[in-house]
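Here is a set of questions and answers for a reader new to this structure. Have the sequence and the 3D view at hand.

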Amino acid sequence: MHRKSTAPDVHLYNLTLQKTARINQAVHGNFAGTKQQLIVVGRGKILELLKPDSTTGNLTSLCVTEIYGVVRSLQPFRLTGGNKDYLVVGTDSGRITVLEYDTDTNLFKKVHQETFGKSGCRRIVPGQYLAADPKGRAVMIGAFEKQKLVYIFNRDAAAHLTISSPLEAHKSHTIVYDTVGVDVGFDNPIFACLEVDYEEVDEDPTGEARQFLTQSLTFYELDLGLNHVVRKESIPLDEFANKLVSVPGGSDGPGGVLVCSPGRITWRTYGEHEPVAINLPRRDDPLRTDRAPLVTAVTMHKTKRMFFFLVQTEEGDLFKLTMVAEKGEVSGLIIKYFDTVPVANAMCLLRNGLLFVAAEYGNHHLYQIASLGDNEDEPSYLSIDPLDKIHYFRPRDLLNLALVDDQESLHPMIACQLADLHEEETPQLYALCGRGAKSSFRVLRHGLEVSEVAVSELPGNPSAVWSVKRHVDDESDTYLVLSFVDKTLVLGIGETVEEVKDSGFLEEVPTLSASRIGDDSLLQVYPGGIRHIRFDQRVKEWKAPGSTAITNCAVNERQVVITLSSNELVYFELDRAGQLNEYTERIEMTSKVTAMALAPVAEDAFTSQFLALGLEDNTVRVLSLDPSSCLQPLRMQALPGAPSSLCIIEIAGQAGEPGTLQLHIGLANGVVSRSTMDKVTGDLSDSRTRYLGVREVRLFPVRAHGHPAVLALSTRPWIAFTYQGQPRMAPLSYEALEYAHMFCSEQLPEGIVAVAKNTLRILSLQNLGSIFNQSTIPLAYTPRKFFLDEKTAIAVIIEGDQATLTAQEKKARLSGAAKKEEGDDDMMVDDDDDMMVDDDDEASKPNGDAAPSKPPLDVQQFGEPRVEDGRWASQIRVVDAKEGKTLQTVQLAQDEMLTSICKMQFTVSQGFTHVIVGGVRGWDAKKNTFASAFIDTYLFSAPDGSARLTKLDFVHRTEVEAMPCALTPFAGRLIAGVGNIVRIYDMGRKKLLRKCENKHLPSRVVDIEVMGTRVVVADQRESVFFLKYKPTENVLSVFCDDTTPRWCTAMLMVDYSTVCVADKFGNVSVLRCPDDVTDTLQEDPSGAKAFWARGYLNGAPQKLVQVANFYIGEIVQSLHKTTLTPSGTECIAYTTLSGSIGALMPFSHKEDAEFFQTLELHLRQEHPPICGRDHLAFRSAYVPCKSVIDGDLCEEYNMLSASLKSDIADGLERTPQEVAKKLEEFRTRYAF
């Protein structure tokens, strides 16, 4: 009889904070219909459009589209005679989708969508391969096996794209390796496929036919007249190939394809022809195991007169491949080493000479081609050389390419921990990223990256700074004006910045405002009056009456408003003759004015219509500046605190919507508020607040990416800006500033000038689309795991790589090679003839028996030399996480690999701290076998004169019978997962001592969490197990387990009865013990009955209840229970292998959960995914989605058209502004 679950309902809200950094596909084309080429990248379940700028070298993201599916392939195509490229997308939706980039809405628009099969990444459902006819007439979409479909594209009478019914080109028992479109000019379109026919192997029971399995190059022809596809020709290949590359044909070249096989590239075409082959050169490295390189990425550059290919191998080396062709026949191939870049999943070579490298791991790079590699100092290799002759080359520094920009990528993010070591009130993320010698330990801080352009010390502490243009048409600022307590300093901006005396500004008084007014006049507001400086240096001054002084002011291009110490409000306006005139009436305010701001002057207006005042009575008031009702109050809004600063900016509308005015209000209690101001009536609505820090907020208008923005200064600087049409607010990763103003120069069109204490700083904002900025510590090998001590800011990392030699083994091999070479040289001397053999003949021996002996390559630049499989190099690294320094490395012996680590204090060790690491020796990862396993104990001590634990000293080694994958402190002892055994150890003199164990776990323990006497264990294949330790009986028994098998990758104990677990298929589940579960095990104190009952659902007497499940779509590597924002609420933060960061946020009120659930349902119906995948089916890919709302889908509400927003809001019985406000408030409650 099953026990009824009494676990309470849990509702979570999933939100992606930073999108995945991995790029699987990248294509380029004229997607905007202009001459500039753009790049479309596929990031798993995201399509992103990138714009490379050849002048600045920046790579800018134009739009990001979540498809809620898996991007399997991308292919651009252009109809004959067209000037705009379309994008064909192959996904797991079972549909082919044609997209067009709409420049007006800055979004991808669906043009056509045709269904051909079931959803999911299936072997026989097309979508894995896409190939387009170079003339844009047809597209072939193929599956891994059997099915291939051809769609014909054309135009209708209105010049709109049309798509035909699919034409089948299926062949059963066929596995496809690659597909391309062959350039045949305007003849019938032809597609080439790499295929393997396994029918004979499938029918052979003996398995002998597998030895004779061959690969073939098959050409399919689309007969446009008969409207069907025929199998034109199939050419058997001598060796297996992995990639096809289309060669320009027709009038541009010989046509055909390049067949890329290990170590060789061959040109082939259909019909009678002579194939032309050339060997790929190999690296000359004495430590590298000699093997044929594999081609991973190819890109082509084509002009009217010539074309060439850039071919990349699996080690990152680029080769320039050119062809010698006569009368449509290729007579030779020429290959030459070009440069070495990171190994790429895809490369895009643009017409303007920019090369985009979508790296397989690590940062993505944008290069500028500096030269075409025609230097004669490096050899070229020809296809006329014998194929058994192998050429060797030495990689070098970049010569033909120049790095102009790089996109930071966290992929692969192997492990991550959160801690606030920098005391910023928000935790930083400390992550292990990368692979091999390009690995890194990265510190991610929430905020935009800021670069210091200039920092200068000043003679005192200024209170304010302004940058001023002399004329409205000037592109750069002319003056920098700094205000001190009793004077003003004016600096001229030119080739140098120096003090000027002829600016017209008063220097013996402090300044409240300095700006340009009108087209060519300057304005200075100081406590004693207003100084209006004309272009011809004529000066007109207005003096404050009597003993009053100016306390506040607001200035725009044509208006000035000041408040006097008597609380009087005085208004000035610039007439068309350039005279500054005072309005006849003054208004006395009932409360002290603490802040004021003028709305910017619209392009079609002469003056602004509104003035905002912040008063000491915790209100903000909007006054009219219309001549018919000047200085009359229009609206009032109560505030939760006294206003300290005001700023009004104009935000442009999206997709034809009208622009709006936004009033930003900074409060003395550290809160900033944003309200929408009606352009006609001045009404304030849609008010939203955000807590920034403990200091009062000061606001300043700036510009970011060509749009108005607001800089808010509090405990740390923040900026509110618009990114891809959506409002954002993010902190700057910079120290606190006191005053700021926008700055413009030739080198810095959108800068910020600021003062902090006695320094003047000119700053530039970088990467506005990034949520985090990063600092990097390089590592030697691929990082595996680490722990972080928050008290001392020390991280200890274990690293290791396969097919890699340790430093000692490298020295031994080089020494042995040198001795062998000396012996060979002695044998080369013929005593009878007294002759020597030429050393140059060694490199050209048949089959490449030996390569020229030279020093090993630089590891940091070219990576570790790959040797034979089964060789491991591993080490322990001690890092100062706050300062970014490596303090110590401990190198392990050759072929030892570390798998787990923890820090702990044994009860018997009298306060000493130890670092425990687990590892294996002689591990064969393919067969999952190893020679031996061990657990090493190190004493973690402080060096002489230091209070921080930074030094590791080896204590002893404990041999174990299986791989130790999990180590955790437990009540002054060590609890370890050794294979499928959970074992408790205590400290001993010569080794760790066994105290208790449980051998009844199914496969392998990969993670352990403890809370009190409960132990939660994550099994590699069988989900999680709850264990109870009874110290009096020294028994560790399983009392509760899961009913569903899960391949666990990460686990988090949320509370005493709840655990959050992630699996390798991309699911995150929340499991809970029922309320009536018992862990006393009174009926079975030894656990023996549970052991004999095993076989039914893992055999535990009680079962976990799944309270929530959600498909993330990426492999989650870490889970953390944390608070992401100051005064925020706890949530579950997660990081994935692909580099994305997200959060699962709990609902505290049932009404909120119902609201977002209804919004999600409306969006599923009214705004389905663009590539045809059903949203609910995607989020339930393996297990039905339960009790989790997709926040990413909900936030797409802000990107919809105004009419669709209104329709959905009506269904929710809300206004569109209320829905948008609800989305923002819920996000900022938990995250940023």
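Q: Which residue of β31 is the bridge partner of Ile335?
A: This is a predicted model, and in it β27 covers residues 329-340. β27 and β31 (residues 380-382) run antiparallel and are joined by 3 bridges. Within β31, Ile335 has as its bridge partner Tyr381.

Q: Which residue in the turn between β26 and β27 has a positive phi?
A: β26 (residues 317-326) pairs with β27 in the antiparallel sense, over 10 bridges. Ala325 stands opposite Val330 of β27. The two strands form a hairpin with 2 residues between them, and the turn residue with a positive phi, of about 55°, is Lys327.

Q: How many of the 12 residues of β27 are buried?
A: A residue counts as buried when its relative accessible area is under 20%. Strand β27 is mostly covered, and the number of its 12 residues that are buried is 9.

Q: What share of residues 23-375 is strand?
A: An unreviewed UniProt entry annotates residues 23-375 as "domain: RSE1/DDB1/CPSF1 first beta-propeller". Over residues 23-375 the end C-alpha atoms are 33 Å apart.

Q: Which residue in β90 is the bridge partner of Leu12?
A: Strands of a sheet can pair in parallel or antiparallel fashion, through backbone hydrogen bonds. Here β1 (residues 12-18) and β90 (residues 1141-1146) pair in the antiparallel sense over 6 bridges. In β90, the bridge partner of Leu12 is Pro1146.

Q: Is Val1070 buried or exposed?
A: Val1070 is found in strand β85 (residues 1067-1072). Its contacts beyond four places in sequence include Leu12, Thr1058, Cys1060 and Val1107. Because the relative accessibility of Val1070 is 6%, Val1070 counts as buried.

Q: Which residue in β87 is the bridge partner of Ser1069?
A: β85 and β87 pair in the antiparallel sense over 6 bridges. Strand β87 (residues 1105-1111) is mostly covered, with 7 of its 7 residues buried. In β87, the bridge partner of Ser1069 is Asn1109.

Q: Which side chain does a polar contact of 3.5 Å join to that of Ser675?
A: Ser675 is in strand β57 (residues 671-677). At 1% relative accessibility, Ser675 counts as buried. Leaving aside neighbours within four places in sequence, Ser675 is in contact with residues including Gln637, Leu661, Leu684 and Asp686. The polar contact of 3.5 Å joins the side chain of Ser675 to that of Ser687.

Q: What is the relative accessible area of Pro717?
A: Pro717 is in strand β61 (residues 717-723). Not counting residues up to four places away in sequence, Pro717 touches Ala712, Pro731, Leu732, Tyr734, Glu735, Ala736 and Leu737. Pro717 is buried, with a relative accessible area of 0%.

Q: How many disulfides does a search of the whole structure find?
A: A disulfide needs two cysteine sulfur atoms within 2.5 Å. A search of the whole structure finds disulfides numbering 0.

Q: Which cysteine has the sulfur nearest to that of Cys1171?
A: Cys902 is in no disulfide, and the nearest cysteine sulfur, that of Cys965, is 14 Å away. Cys1171 is also in no disulfide, and at 1% relative accessibility Cys1171 counts as buried. For Cys1171 the nearest cysteine sulfur is 12 Å away and belongs to Cys63.

Note on methods
Residues are numbered from 1 along each chain as its sequence is written. This is a predicted model: local features need pLDDT of at least 70, side-chain atom pairs count only at pLDDT 80 or more; totals for chains, interfaces and linings use all residues. Side-chain values use heavy atoms; hydrogens and water are left out. UniProt positions are given in the numbering used here, feature names are shortened, and annotations may be inferred rather than shown by experiment. Helices (H or I, at least four residues) and strands (E, at least two) are DSSP runs, numbered from the N terminus. Buried means under 20% relative accessible area, exposed over 50%, partly exposed in between (1.4 Å probe, protein chains only). Contact means heavy atoms within 4.5 Å. A polar contact is a pair of N or O atoms within 3.5 Å; within protein, one must be able to donate a hydrogen and the other to accept it, and residues adjacent in sequence count only if both atoms are side-chain atoms. Two strands pair if DSSP finds at least two bridges between them.
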